[in-house]
Amino acid sequence: MSEPYSVGKLDELPSFDGPGTLRWTPIRRPFGVTAFGVNAYTAREAGHEVVEPHTEETLGHEELYVVVAGHATFTLGGDEVDAPSGTAVFIRAPATHRHAVAVEPGTMVLAIGGKPGLH
């Protein structure tokens with residue numbers, strides 16, 4: 001039987017380069033999360049991406065992004081959203097094009113996603 005909970009610091013989990021300038025920290029696998037996807041993305045420099053440009057049309061996912069460190073600018077379907085640390089951005093519509101760039105070096109964004117309807 002596995003432990004009933006997991007604890008870890010985001011900056012101590014294994015992370016990997018890519019895609020692009022992103023630093024990717026997978027969270028779902030190390031913690032054994034099965035109900036939703038969850039990752040963290042970090043930009044080493046201002047101007048680097050913390051969310052790669054994409055939609056979720058293929059998977060039909062809703063996504064929640066939380067800026068846990070630094071400061072980012074999100075572009076959501078053409079609208080710009082200023083997102084300093086502590087900002088949560090929820091994207092309900094899978095077809096909405098999303099992208100985010102760090103305003104400060106070391107910006108980290110937590111990304112949580114899954115199919116709507118289960119709660």
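This is a predicted model: local features need pLDDT of at least 70, side-chain atom pairs count only at pLDDT 80 or more; totals for chains, interfaces and linings use all residues.
## Around His99

His99 itself sits in strand β9, which covers residues 98–102.

Sequence distance and spatial distance can be set side by side here. Val50 and His99 are 49 residues apart in sequence. Their C-alpha atoms are 7.8 Å apart in space.

Strand β6 spans residues 71–76 and strand β7 spans residues 79–84. The two run antiparallel and are joined by six bridges.

Two residues lie between the strands of this hairpin. Gly77 takes a positive phi there, near 55 degrees.

## Aromatic pairs

The structure holds two aromatic pairs. One is formed by Phe16 and Trp24: the ring centres are 5.8 Å apart and the planes are at 45 degrees, so this pair is tilted. Phe16 has 41% relative accessibility and therefore counts as partly exposed. Trp24, at 25% relative accessibility, also counts as partly exposed.

Tyr65 and Phe74 make another pair. Their ring centres are 5.7 Å apart and their planes are at 50 degrees, so this pair is tilted too. Here both residues, Tyr65 and Phe74, are buried.

## The open sheet

Six strands form an open sheet. Their order is β1-β2-β3-β10-β5-β8, and the pairing is antiparallel. The edge strands are β1 and β8 (88–91), each of which pairs on one side only.

Individual bridges show how the strands line up. Between β2 and β3 there are four bridges, and Thr25 has Ala40 in β3 as its bridge partner. Seven bridges join β5 to β10, where Val67 stands opposite Val109 in β10. Strand β5 is also joined to β8, by four bridges. In that pairing Val66 stands opposite Ala88 in β8. In a regular strand, side chains alternate between the two faces of the sheet.

## A cis peptide bond

The peptide bond from Gly18 to Pro19 is cis, with omega near -5 degrees. Pro19 is found in the loop between β1 (16–17) and β2.

## The largest pocket

The largest pocket has a volume of about 360 Å³. Its lining is made up of 21 residues. Nearest its centre lie Gly37, Val38, Asn39, Tyr41 and Glu63. Several elements give two or more residues to this lining: β2 (23–26), α1 (28–31), β3 (37–42), β4 (49–54), β5 (62–69) and β10 (108–114).

What is the make-up of the lining of the largest pocket, in nonpolar, polar and charged residues? Ten of the lining residues are nonpolar, six are polar and five are charged.

How values were computed. Residues are numbered from 1 along each chain as its sequence is written. Side-chain values use heavy atoms; hydrogens and water are left out. On a 1 Å grid over the protein atoms alone, a cavity is a set of points where a 1.4 Å probe fits but cannot get out, and a pocket is an open set with protein on both sides within 12 Å along at least five of seven lines; lining residues have an atom within 4 Å of a point. Grid points are joined across faces, edges and corners, and a volume is the space filled by probe spheres set on the points. Ala, Val, Leu, Ile, Met, Phe, Trp, Tyr, Cys and Pro count as nonpolar, Asp, Glu, Lys and Arg as charged, and the others, Gly among them, as polar. Two strands pair if DSSP finds at least two bridges between them. Rings of Phe, Tyr and Trp (its six-membered ring) pair if their centres lie within 6.5 Å; planes under 30 degrees apart count as stacked, over 60 as edge-to-face and the rest as tilted. Buried means under 20% relative accessible area, exposed over 50%, partly exposed in between (1.4 Å probe, protein chains only).
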